[in-house]
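Please read this briefing with the structure open beside it, and look for each named part as it comes up.

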Amino acid sequence: MQNTIKVNNKEYTILYQIGQGATGKVFKAQYQNELYAIKKQEYFGEGELEFYDQLIQQKFKRCKNLIQIYDFEQIGRFSYIVMELGDSCLYNELIQNKIDQKNIRFIIKQIGSGIKELHEMGLAHRDLKPENILIKTLFSNDKNESQQVFKICDFGVVKNISNLKTKAVGTPYYLAPELLTNNNDNYSTKCDIWSFGILIYEILTRQLMFQGKTFQEISNAILSATDDDISDKINKLKIEVDYKELLKNMLKVDSQKRYNIDRVLEALKPKSRSTSRQRQNNFVMNPPPQISIRSQFKNRDNQLSQSPFKQIQNFNIIQQQYTIQKPQQYPNKSQQNNQSNVKQLEF
Ligand SMILES: Nc1ncnc2c1ncn2[C@@H]1O[C@H](COP(=O)(O)OP(=O)(O)O)[C@@H](O)[C@H]1O
Ligand SMILES: [Mg+2]
């Protein structure tokens, strides 16, 4: 018997689970000859419905670096979101050490373009992290050439900036300081610039900028850092000078002093003084530290395995958003075969 789900009268065959986050499970699904990802979750985030509505009204059809949303429906206590299927995610590329140094600028620019697409709609993503950046591999017609496209997904806590008041959401490592304080001032899309800065730092160095064993420790590390501390940390890195400048301007404690996404993208344009060849050499001369990313990330998973809810109860937040999840591994071929028995799925 096949496992199927009807979303707005289209019957999708559920193939197997491809992901699980704090808010829902994601399945690979088929409708006619096309493959999709379907996310099943128990509730919609505050800004989520409005966002999907706008997407489906085709207002944002041309967003190249956002995962496309095709359909959604609330059925009983569950919501189903039908989306474009990603092939992998940035988190997996990072832990498997698969990122080629010469592609880094291209990857960062694509993520930046996705953020620009959101910010231009007046929306803040608020949960930017490697797990929420998907990768699609596009092939040329003759299949001889391929290109990776990076797309932002997980719009569960996306919010219209006109009512950006809810405080901390997202994964603590990437949280901007203004989301961790208890005052109730509005904040802006600049929280995404901070998270993007932490993400770029991670891509370049394979390290998380702010570390700690608990939510509170990470949060304290973020809140106690001054612009000077952050600059000192960045200055010590063996990365290109223009990345250093960019990171310092993205990781300003005062969000008003932070670059906006246009300035970030501007700064990522190649400078005439340094050719791509020189840049490549620079990387060869200064490779990122050879730390074991796998063990580092293991720590990162374990760090917060003790009930994060307890540690954060003093914050003015939506607690569900804080489940510190074990990041997803995409199923490899053998796992996929095991999963072909769809009856095992709790769909
Ligand atoms: N469209 C998609 N294609 C492929 N994998 C996806 C897709 N959407 C989500 N995933 C996978 O499922 C995981 C959880 O989905 P996500 O939307 O981030 O849920 P959560 O809000 O619970 O974090 C993602 O980190 C990713 O690994
Ligand atoms: Mg997610």
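In this predicted model, the largest nonpolar core has 71 residues, and I38, I81, V82, F196, I200, L247 and M250 are the ones that touch the most other members. A nonpolar core here means a set of buried Ala, Val, Leu, Ile, Met, Phe, Trp, Tyr and Cys residues that are joined through C-beta atoms within 7 Å. A residue is called buried if 20 or more other C-beta atoms lie within 10 Å of its own, exposed if 12 or fewer do, and partly exposed in between, with the C-beta atoms placed from the backbone.

**The core and the two domains**

- Helix α5, which covers residues 190-205, gives the most to this core, with 10 residues; helices (H or I, at least four residues) and strands (E, at least two) are DSSP runs, numbered from the N terminus.
- Both domain 1 (7-83) and domain 2 (88-341) give residues to this core, so the core lies between them; the domain bounds come from an automatic or database domain assignment.
- Apart from its neighbours within four places in sequence, I81 is in contact with I38, K39, Y52, I69 and F72, where contact means that the C-beta atoms of two residues, placed from the backbone, lie within 7 Å.

- Residues are numbered from 1 along each chain as its sequence is written, while chains are lettered from A and ligands numbered from 1 in the order in which they are written.
- Because the model is predicted, local features need pLDDT of at least 70 and side-chain atom pairs count only at pLDDT 80 or more, whereas totals for chains, interfaces and linings use all residues.

**The chain as a whole**

- The secondary structure of the chain comes to 13 helices and 11 strands, and buried residues make up 35% of its 347 residues.
- Among the contacts in the chain with a separation of 6 or more, 68% are between residues 24 or more positions apart.

**Helices with a buried face**

- In helix α8 (residues 241-250), the residues Y243, L246, L247 and M250 are buried.
- Seen down the axis of α8, these buried residues fall within an arc of 95 degrees, so they line one face of the helix; the arc is that of the directions from the helix axis to the C-beta atoms.
- The buried residues of α8 pack against α5, α7 (227-235) and α9 (261-268).
- In helix α6 (residues 215-224), the buried residues are F215, I218, S219 and I222.
- The buried residues of α6 also fall within an arc of 95 degrees when seen down its axis, so they line one face of the helix.
- An α-helix has 3.6 residues a turn, so residues three or four places apart point the same way.
- N220, which has its place in helix α6, is partly exposed, because 14 other C-beta atoms lie within 10 Å.

- L66 is found in the loop between α1 (48-56) and β5 (69-75), and it counts as buried because it has 23 C-beta neighbours inside 10 Å.
- L66 and F150 are 84 residues apart in sequence, yet their C-alpha atoms are 8.1 Å apart in space.
- Y91 has its place in helix α2 (residues 90-95), and it is buried, with 20 other C-beta atoms within 10 Å.
- Q32, in the loop between β3 and β4, has a positive phi near 50 degrees although it is not a glycine, and it counts as exposed, with 8 C-beta neighbours inside 10 Å.
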